[in-house]
Amino acid sequence: MNLVILALPLGGITWLRLYESALIRQTESELIAQAAFIEAAYLAALARQQRVPESYGTPVIAPPPPSDPEGRWRPRWADLDLATDPVLPAPADPQPATRKPDRIARTIGRELTPMLRAAQQTTLAGMRIVDAGGLIVASTGDERDDDIGLSLAAQDEVRRALTGEAVSAMRWRGAEAPPPPLDSISRGTRIRVYVTEPIGRDGRVIGAVLLVRTPANIRQAIYGKRKPLLRAGIGLLLVVIALTLLMSVTITGPVKRLIEQARRAARGEQNAVMPLKRPGTREIAELSETVAGMAQTLEARARYIRDFAAHVSHEFKTPLTAIQGSVELLRDHGEGMSVDERARFLGILAADATRLERLVQRLLELARADMQPVSGGSADLAIVAAAVAARHREGGLTVEIDGGAPLHVTIAAELLDSMLGSLLDNVRQHAGAGARARLAWRDTADGVELDVSDDGNGISPANRARIFEPFFTTARDGGNTGLGLAIIRALLAAHGGGIELLDSARGAHWRLRLPRAE
């Protein structure tokens, strides 16, 4: 990509038509200046002639060029454009004339011819002067190819100039003329610029100046500047190499290290993905931190799944072992057992089957809680709390409510009812007889805080650290699965909330953070 970018400015020069137009306009401007001097020299020579009639020349037909209010200045600007102006065919050769050139014009032409040929050695332009009838009276052609007396009246630029119009045009050199070599003085181009300037005197045209020259082109300019361009190309190549090395250090190198970390993580290495120490750029640093955070989340999730699978297998192993033992005893010794013994083993089977069914049901609830999308519903906290409290009062638990003003939270009423009911069930199971529970909530800047507390026996320091672990329970004999708090935490996390166990002098104190409904 860097080499392509490097080649674009160099390759684009070949097609830079705007630059070619600038070269053509430069040539046109130079020819206009030369034509103005030749016209002035012609008029000066005319002033030295004797017996020049007042009707000498032909009346001006074309409108006069724009000038300043005083008529002193009449500038002529170069306006040829390779993109919009046509390139005309090569002009026809001068034609034989049926008359001789004007005597005065021929005399002036002989006087100016040495000057034109001397100037050509510097300007490289072809120069011709024609009389009012279009016959050549002065030319820079060599003596062996003298075209004096031939007619250019049929050439469009000359014909228009003899009406008083200044004309510039581009013409092809000719199909039979191959482009000159790059180092030739003919500029190495197929296009020639033609400039004609009328020679005027007292509102009459007495002749015209025709100049032609091949402009420089882009190839000629590149060839003339080949050494500086070569040095510039080498300099650009060094810059590209430096940029490539810099990109390797700041982008490619860090990305390769990040890829290697990802491959190590894919092979199962722990803590393989860490934020890069030298990321090179801010974007790579952000990418590294994001990938490291994602890897840590995946590792934590993998540990959770591994530990969860171990807990599930342990929880299922106990009732399955009991069921398997009871089935073997009934199969091997069932005929010799008394009715009470068979009933006792059948009761064990029923109890363990019920326990497995309850485990499966709670596991499904936990899975749904982990994948629970935001419901989009809302609930009046006071109404839900009152319904849950009334239901548990009927079960023998004293529940107090201290909620203050009613508040709405963005959790469906049935989910909020289930979470509060599960917490109050824990109070009834663990707090002991005569325990009292209290529900209180308040509005905060971050949402709604709901406190559920009791005055029971509380939770021991050893169990506080494990209270949210799936399957951890101290009431397994009472049918508790140890999944209730894990389900509540998953549901609250799915809705942007949370739950924590606070320190309290007596009993347990839970705080739920709920999103407030706008």
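R128 lies in strand β3, residues 126-131. Helices (H or I, at least four residues) and strands (E, at least two) are DSSP runs, numbered from the N terminus. This is a predicted model: local features need pLDDT of at least 70, side-chain atom pairs count only at pLDDT 80 or more, and totals for chains, interfaces and linings use all residues. Residues are numbered from 1 along each chain as its sequence is written, and side-chain values use heavy atoms, with hydrogens and water left out.

Stay with R128 for a moment. Its relative accessible area is 24%, so R128 is partly exposed. Buried means under 20% relative accessible area, exposed over 50%, and partly exposed in between (1.4 Å probe, protein chains only). Leaving aside residues up to four places away in sequence, R128 touches P94, I136, A138, S139, D147, L152, A208, V209 and L210. Contact means heavy atoms within 4.5 Å. I38 is 90 residues from R128 in sequence, yet 9.9 Å away in space, C-alpha to C-alpha.

Now the whole protein chain. It has 12 helices and 14 strands. Of its 518 residues, 38% are buried. Take the contacts between residues at least 6 apart in sequence: 69% of them join residues at least 24 apart.

Next comes helix α6, residues 226-266. It has a kink of about 45 degrees, centred on S248. The bend at a residue is the angle between axes fitted to the seven residues ending there and the seven starting there. V240, T250, G253, P254, L258 and Q261 are buried in α6. Just after this helix, G268 takes a positive phi of about 100 degrees.

Further along is helix α10, residues 413-430. It packs with helix α12, residues 484-494, at an angle of about 150 degrees, and the axes are 10 Å apart. Axes are lines fitted to C-alpha atoms, for helices over the stretch in contact, and angles run from 0 to 180 degrees between N-to-C directions. α10 and α12 are therefore roughly antiparallel. Angles under 35 degrees count as roughly parallel, over 145 as roughly antiparallel, 65 to 115 as roughly perpendicular and the rest as oblique. From α10, L415, M419, S422, L423 and N426 meet G484, L485, I488, L491 and L492 of α12.

Helix α9, residues 381-394, also packs with α10. Here the angle is about 40 degrees, with the axes 10 Å apart. These two helices are therefore oblique to each other.
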